[in-house]
Amino acid sequence: MTPFIKAENVCFSYNTGEGKKIEVLKNVSFEIAKGEFVAVLGRNGSGKSTLAKLLNMILVPDSGKIFIDGKQISADTMTEDDVYEIRRKIGMVFQNPDNQLVSSVVEEDVAFGPENLGIPSEEIRKRVDDALDEVGMSEYARHSPHLLSGGQKQRIAIAGIIAMSPSCIVFDEATAMLDPSGRKEVMATIERLNKEKGITVIHITHNMSEAAMADRVIVIDGGRVAMSDVPEAVFSDVGKLRSIGLDVPQITELFYELKKAGLDLPDRIIDAGKGEDALLSFFEKPRN
Ligand code: ADP
(Lines give C-alpha, C1' and ligand atoms only; values in the text may rest on other atoms or scores of the structure.)
Protein backbone atom coordinates (compact mmCIF):
# COMPACT_ATOMS: atom_id res chain seq x y z
CA MET A 1 0.00 0.00 0.00
CA THR A 2 1.23 3.51 -0.80
CA PRO A 3 2.25 5.23 2.42
CA PHE A 4 0.31 8.41 3.18
CA ILE A 5 3.55 10.28 3.88
CA LYS A 6 6.95 9.32 2.59
CA ALA A 7 10.18 11.23 3.14
CA GLU A 8 13.22 10.18 1.14
CA ASN A 9 16.70 11.45 2.09
CA VAL A 10 15.38 14.84 3.11
CA CYS A 11 18.03 17.45 3.97
CA PHE A 12 17.27 20.91 5.26
CA SER A 13 19.35 23.86 6.48
CA TYR A 14 18.42 27.33 7.70
CA ASN A 15 20.26 30.32 6.31
CA THR A 16 21.53 32.22 9.27
CA GLY A 17 22.82 35.23 7.35
CA GLU A 18 26.16 36.24 5.84
CA GLY A 19 26.18 33.10 3.72
CA LYS A 20 26.12 30.88 6.81
CA LYS A 21 23.88 27.87 7.13
CA ILE A 22 22.87 25.54 9.91
CA GLU A 23 22.27 22.01 8.77
CA VAL A 24 19.20 20.74 10.63
CA LEU A 25 17.92 17.61 8.87
CA LYS A 26 20.34 15.10 7.42
CA ASN A 27 19.08 12.42 5.05
CA VAL A 28 15.81 11.88 6.84
CA SER A 29 13.74 9.01 5.45
CA PHE A 30 10.54 7.52 6.86
CA GLU A 31 7.07 6.39 5.88
CA ILE A 32 3.76 6.92 7.63
CA ALA A 33 0.71 4.85 6.74
CA LYS A 34 -2.79 6.25 6.42
CA GLY A 35 -4.51 6.14 9.80
CA GLU A 36 -1.29 5.60 11.72
CA PHE A 37 -0.62 7.38 15.05
CA VAL A 38 3.07 8.24 15.17
CA ALA A 39 4.83 9.99 18.04
CA VAL A 40 8.00 11.93 17.29
CA LEU A 41 10.52 12.23 20.11
CA GLY A 42 13.81 14.05 20.26
CA ARG A 43 15.72 16.55 22.34
CA ASN A 44 15.20 20.28 21.88
CA GLY A 45 16.78 21.45 18.66
CA SER A 46 16.90 17.97 17.08
CA GLY A 47 14.80 19.13 14.11
CA LYS A 48 11.27 17.92 14.95
CA SER A 49 9.44 21.20 14.25
CA THR A 50 11.44 21.72 11.09
CA LEU A 51 10.36 18.28 9.93
CA ALA A 52 6.71 19.09 10.69
CA LYS A 53 6.92 22.33 8.70
CA LEU A 54 8.35 20.47 5.69
CA LEU A 55 5.31 18.18 5.63
CA ASN A 56 2.86 20.97 4.90
CA MET A 57 5.18 23.11 2.83
CA ILE A 58 5.79 25.92 5.30
CA LEU A 59 9.40 24.96 4.48
CA VAL A 60 10.85 23.13 1.45
CA PRO A 61 13.75 20.64 1.55
CA ASP A 62 17.20 21.52 0.16
CA SER A 63 17.35 18.02 -1.29
CA GLY A 64 15.44 14.76 -1.04
CA LYS A 65 11.77 14.11 -1.71
CA ILE A 66 8.53 14.21 0.22
CA PHE A 67 5.45 12.41 -1.06
CA ILE A 68 1.94 12.99 0.28
CA ASP A 69 -0.65 10.45 -0.82
CA GLY A 70 1.75 9.16 -3.47
CA LYS A 71 2.42 12.57 -5.04
CA GLN A 72 5.69 14.40 -4.66
CA ILE A 73 5.29 17.83 -3.13
CA SER A 74 7.50 20.41 -4.77
CA ALA A 75 7.52 24.19 -4.63
CA ASP A 76 8.77 24.21 -8.25
CA THR A 77 5.98 22.24 -9.88
CA MET A 78 2.97 22.94 -7.66
CA THR A 79 0.49 25.79 -8.06
CA GLU A 80 -0.64 27.94 -5.14
CA ASP A 81 -3.89 25.91 -5.07
CA ASP A 82 -1.93 22.66 -4.79
CA VAL A 83 0.00 24.07 -1.83
CA TYR A 84 -3.25 25.19 -0.20
CA GLU A 85 -4.65 21.70 -0.70
CA ILE A 86 -1.61 20.16 1.05
CA ARG A 87 -2.10 22.54 4.01
CA ARG A 88 -5.77 21.57 4.19
CA LYS A 89 -4.92 17.86 4.06
CA ILE A 90 -2.20 18.13 6.70
CA GLY A 91 -3.39 20.38 9.50
CA MET A 92 -1.07 21.60 12.23
CA VAL A 93 -1.74 22.33 15.88
CA PHE A 94 0.98 24.24 17.71
CA GLN A 95 2.13 24.63 21.28
CA ASN A 96 0.46 27.86 22.32
CA PRO A 97 -3.33 27.80 21.94
CA ASP A 98 -3.54 31.59 22.34
CA ASN A 99 -1.55 32.14 19.15
CA GLN A 100 -3.98 29.98 17.18
CA LEU A 101 -7.26 31.58 18.15
CA VAL A 102 -8.28 34.42 15.88
CA SER A 103 -11.85 35.27 16.85
CA SER A 104 -13.68 36.36 20.01
CA VAL A 105 -16.40 33.70 19.62
CA VAL A 106 -15.59 29.98 19.60
CA GLU A 107 -17.79 29.01 16.62
CA GLU A 108 -16.44 31.88 14.52
CA ASP A 109 -12.95 30.72 15.29
CA VAL A 110 -13.72 27.19 14.13
CA ALA A 111 -15.39 28.58 10.97
CA PHE A 112 -12.32 30.63 10.02
CA GLY A 113 -10.53 27.85 8.09
CA PRO A 114 -13.51 26.59 6.06
CA GLU A 115 -14.51 30.21 5.29
CA ASN A 116 -11.09 30.71 3.74
CA LEU A 117 -11.63 27.59 1.66
CA GLY A 118 -14.71 29.25 0.13
CA ILE A 119 -17.12 26.60 1.40
CA PRO A 120 -20.88 27.49 1.26
CA SER A 121 -22.28 28.80 4.54
CA GLU A 122 -24.74 25.92 5.26
CA GLU A 123 -21.89 23.47 4.83
CA ILE A 124 -19.71 25.59 7.14
CA ARG A 125 -22.45 25.55 9.81
CA LYS A 126 -22.54 21.77 9.66
CA ARG A 127 -18.77 21.42 9.73
CA VAL A 128 -18.44 23.77 12.71
CA ASP A 129 -21.17 21.92 14.67
CA ASP A 130 -19.62 18.53 13.84
CA ALA A 131 -16.10 19.70 14.68
CA LEU A 132 -17.16 21.14 18.05
CA ASP A 133 -18.99 17.90 18.77
CA GLU A 134 -15.87 15.85 17.89
CA VAL A 135 -13.79 17.74 20.46
CA GLY A 136 -16.59 17.78 23.07
CA MET A 137 -16.94 21.58 23.03
CA SER A 138 -20.45 22.09 21.54
CA GLU A 139 -21.79 23.80 24.64
CA TYR A 140 -19.11 26.50 24.32
CA ALA A 141 -19.98 27.47 20.72
CA ARG A 142 -21.08 30.99 21.68
CA HIS A 143 -18.44 31.56 24.36
CA SER A 144 -15.30 33.65 24.10
CA PRO A 145 -12.28 31.34 23.62
CA HIS A 146 -10.18 33.60 25.83
CA LEU A 147 -12.05 32.59 28.97
CA LEU A 148 -11.52 28.87 28.44
CA SER A 149 -8.86 26.65 30.02
CA GLY A 150 -5.69 25.78 28.06
CA GLY A 151 -6.97 22.30 27.24
CA GLN A 152 -10.31 23.69 26.04
CA LYS A 153 -8.57 26.32 23.89
CA GLN A 154 -6.41 23.64 22.34
CA ARG A 155 -9.54 21.56 21.60
CA ILE A 156 -11.02 24.62 19.85
CA ALA A 157 -7.83 24.94 17.79
CA ILE A 158 -8.20 21.23 16.90
CA ALA A 159 -11.87 21.79 15.94
CA GLY A 160 -10.74 24.58 13.58
CA ILE A 161 -8.46 22.08 11.85
CA ILE A 162 -11.08 19.29 11.77
CA ALA A 163 -13.55 21.69 10.11
CA MET A 164 -11.25 21.65 7.07
CA SER A 165 -11.52 17.81 6.87
CA PRO A 166 -7.82 17.02 7.04
CA SER A 167 -6.47 13.52 6.42
CA CYS A 168 -3.64 14.09 8.87
CA ILE A 169 -2.98 16.37 11.85
CA VAL A 170 0.50 17.21 13.09
CA PHE A 171 0.53 18.17 16.76
CA ASP A 172 3.73 20.13 17.40
CA GLU A 173 4.13 19.94 21.19
CA ALA A 174 0.43 20.77 21.41
CA THR A 175 0.23 19.50 24.99
CA ALA A 176 3.45 21.10 26.26
CA MET A 177 1.85 24.21 27.77
CA LEU A 178 -1.13 22.43 29.33
CA ASP A 179 -1.73 21.30 32.90
CA PRO A 180 -2.21 17.56 33.50
CA SER A 181 -5.99 17.67 33.05
CA GLY A 182 -5.64 19.75 29.85
CA ARG A 183 -3.13 17.23 28.51
CA LYS A 184 -5.50 14.39 29.28
CA GLU A 185 -8.40 16.11 27.48
CA VAL A 186 -6.30 16.81 24.43
CA MET A 187 -4.78 13.32 24.32
CA ALA A 188 -8.26 11.77 24.59
CA THR A 189 -9.37 13.98 21.67
CA ILE A 190 -6.32 13.02 19.59
CA GLU A 191 -6.90 9.31 20.26
CA ARG A 192 -10.56 9.56 19.33
CA LEU A 193 -9.84 11.40 16.08
CA ASN A 194 -7.31 8.75 15.18
CA LYS A 195 -9.30 5.67 16.18
CA GLU A 196 -12.81 6.77 15.22
CA LYS A 197 -12.23 9.11 12.28
CA GLY A 198 -9.10 7.42 10.92
CA ILE A 199 -7.16 10.70 10.92
CA THR A 200 -3.41 10.11 10.62
CA VAL A 201 -1.70 11.62 13.66
CA ILE A 202 1.86 12.85 14.05
CA HIS A 203 2.37 13.84 17.66
CA ILE A 204 5.60 15.66 18.52
CA THR A 205 6.04 15.47 22.27
CA HIS A 206 8.46 15.31 25.17
CA ASN A 207 6.00 13.35 27.23
CA MET A 208 6.87 9.67 27.31
CA SER A 209 3.46 8.44 28.42
CA GLU A 210 1.89 10.29 25.50
CA ALA A 211 4.40 8.75 23.11
CA ALA A 212 3.54 5.33 24.57
CA MET A 213 -0.03 5.80 23.28
CA ALA A 214 1.15 5.87 19.65
CA ASP A 215 1.31 2.96 17.19
CA ARG A 216 4.93 3.86 16.45
CA VAL A 217 7.62 6.14 17.81
CA ILE A 218 10.16 7.90 15.61
CA VAL A 219 13.16 9.23 17.52
CA ILE A 220 15.07 12.11 15.91
CA ASP A 221 18.61 12.72 17.08
CA GLY A 222 20.73 15.53 15.66
CA GLY A 223 18.58 15.79 12.53
CA ARG A 224 18.61 12.07 11.76
CA VAL A 225 16.11 9.28 12.37
CA ALA A 226 17.71 7.34 15.23
CA MET A 227 14.90 4.88 16.01
CA SER A 228 11.54 3.96 14.50
CA ASP A 229 9.54 1.16 16.03
CA VAL A 230 6.53 0.28 18.19
CA PRO A 231 6.70 2.09 21.57
CA GLU A 232 7.42 -1.17 23.45
CA ALA A 233 10.56 -1.73 21.35
CA VAL A 234 11.77 1.88 21.45
CA PHE A 235 11.27 2.26 25.19
CA SER A 236 12.88 -1.07 26.06
CA ASP A 237 16.12 0.18 24.50
CA VAL A 238 16.79 2.19 27.65
CA GLY A 239 20.55 2.45 26.99
CA LYS A 240 20.08 3.97 23.53
CA LEU A 241 17.39 6.40 24.69
CA ARG A 242 19.61 7.55 27.52
CA SER A 243 22.55 8.01 25.16
CA ILE A 244 20.33 10.24 22.99
CA GLY A 245 19.44 12.22 26.12
CA LEU A 246 15.83 11.12 26.40
CA ASP A 247 13.92 9.81 29.38
CA VAL A 248 12.00 6.58 29.38
CA PRO A 249 8.53 6.15 30.89
CA GLN A 250 8.86 5.74 34.68
CA ILE A 251 7.34 2.27 34.62
CA THR A 252 9.83 1.12 31.94
CA GLU A 253 12.70 2.56 33.97
CA LEU A 254 11.51 0.72 37.09
CA PHE A 255 11.35 -2.60 35.22
CA TYR A 256 14.75 -1.93 33.63
CA GLU A 257 16.34 -1.40 37.06
CA LEU A 258 14.55 -4.39 38.65
CA LYS A 259 15.66 -6.67 35.82
CA LYS A 260 19.20 -5.35 36.09
CA ALA A 261 19.05 -6.25 39.78
CA GLY A 262 18.27 -9.83 38.75
CA LEU A 263 14.46 -10.09 38.97
CA ASP A 264 12.91 -12.29 36.31
CA LEU A 265 10.40 -9.83 34.88
CA PRO A 266 9.01 -9.44 31.35
CA ASP A 267 10.47 -7.00 28.80
CA ARG A 268 8.60 -4.26 27.04
CA ILE A 269 6.50 -2.93 29.89
CA ILE A 270 5.47 0.62 28.99
CA ASP A 271 2.19 1.13 30.77
CA ALA A 272 1.37 1.15 34.46
CA GLY A 273 -1.54 -1.33 34.17
CA LYS A 274 0.61 -4.00 32.50
CA GLY A 275 3.39 -3.24 34.97
CA GLU A 276 1.06 -3.87 37.87
CA ASP A 277 -0.11 -7.19 36.37
CA ALA A 278 3.49 -8.26 35.76
CA LEU A 279 4.53 -7.46 39.34
CA LEU A 280 1.46 -9.20 40.80
CA SER A 281 2.13 -12.36 38.84
CA PHE A 282 5.83 -12.18 39.72
CA PHE A 283 5.06 -12.10 43.45
CA GLU A 284 2.42 -14.81 43.16
CA LYS A 285 4.86 -17.22 41.49
CA PRO A 286 6.03 -19.97 43.83
CA ARG A 287 9.71 -19.38 44.79
CA ASN A 288 12.26 -22.19 45.30
P1 ADP B 1 12.96 20.85 17.70
O2 ADP B 1 11.57 21.02 17.20
O3 ADP B 1 13.41 19.42 17.72
O4 ADP B 1 13.22 21.53 19.02
P5 ADP B 1 13.68 22.67 15.55
O6 ADP B 1 13.29 22.04 14.28
O7 ADP B 1 12.80 23.74 16.11
O8 ADP B 1 13.95 21.54 16.64
O9 ADP B 1 15.13 23.32 15.40
C10 ADP B 1 16.23 22.59 14.89
C11 ADP B 1 17.45 23.51 14.82
O12 ADP B 1 17.20 24.56 13.87
C13 ADP B 1 17.79 24.22 16.12
O14 ADP B 1 19.18 24.29 16.23
C15 ADP B 1 17.19 25.59 15.94
O16 ADP B 1 17.91 26.54 16.70
C17 ADP B 1 17.35 25.84 14.47
N18 ADP B 1 16.29 26.70 13.92
C19 ADP B 1 14.96 26.53 14.03
N20 ADP B 1 14.29 27.50 13.37
C21 ADP B 1 15.24 28.31 12.83
C22 ADP B 1 15.19 29.49 12.02
N23 ADP B 1 14.02 30.01 11.63
N24 ADP B 1 16.36 30.06 11.65
C25 ADP B 1 17.55 29.53 12.02
N26 ADP B 1 17.67 28.40 12.78
C27 ADP B 1 16.54 27.80 13.17
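Helix 1 gives the largest share of the shell around the ligand, 3 residues. The model is predicted; local features need pLDDT of at least 70, side-chain atom pairs count only at pLDDT 80 or more, and totals for chains, interfaces and linings use all residues. Residues are numbered from 1 along each chain as its sequence is written, and side-chain values use heavy atoms, with hydrogens and water left out.

The ligand is surrounded by Tyr14, Ile22, Val24, Arg43, Asn44, Gly45, Ser46, Gly47, Lys48, Ser49 and Thr50, where a residue counts as near if one of its heavy atoms lies within 4 Å of the molecule. By class, this shell holds 3 nonpolar, 6 polar and 2 charged residues; Ala, Val, Leu, Ile, Met, Phe, Trp, Tyr, Cys and Pro count as nonpolar, Asp, Glu, Lys and Arg as charged, and the others, Gly among them, as polar.

| Residue | Protein atom | Distance to a ligand oxygen atom |
|---|---|---|
| Gly45 | backbone N or O | 2.7 Å |
| Lys48 | side-chain N or O | 2.8 Å |
| Thr50 | polar side-chain atom | 2.5 Å |

Taken alone, the ligand exposes 560 Å², and the protein buries 61% of that (Shrake-Rupley areas with a 1.4 Å probe). Strand 2 (20–32) and helix 1 are the elements that give two or more residues to the shell. Helices (H or I, at least four residues) and strands (E, at least two) are DSSP runs, numbered from the N terminus.

Helix 1 (residues 48–55) lies across strand 3, strand 6, strand 7 (168–172), strand 8 and strand 9 (216–221), at about 155 degrees to strand 8. Contact here means heavy atoms within 4.5 Å, and angles run from 0 to 180 degrees between N-to-C directions of axes fitted to C-alpha atoms, for helices over the stretch in contact. Helix 1 also lies across strand 1 (5–17), strand 2 and strand 4, at about 65 degrees to strand 2.

An open sheet of 6 strands has the order 6-7-8-3-9-10 with mixed pairing; two strands pair if DSSP finds at least two bridges between them. Strand 6 (90–93) and strand 10 (224–229) are at the edges with a single partner strand each, so one side of each has no neighbour in the sheet. Strand 3 (residues 37–41) runs parallel to strand 8 (residues 200–204), joined by 4 bridges, and Val40 stands opposite Ile204. Helix 6 (residues 180–197) lies across strand 3, strand 7 and strand 8, at about 135 degrees to strand 3.

Another open sheet, of 4 strands, has the order 2-1-4-5 and antiparallel pairing.

Terms used
A polar contact is a pair of N or O atoms within 3.5 Å; within protein, one must be able to donate a hydrogen and the other to accept it, and residues adjacent in sequence count only if both atoms are side-chain atoms.
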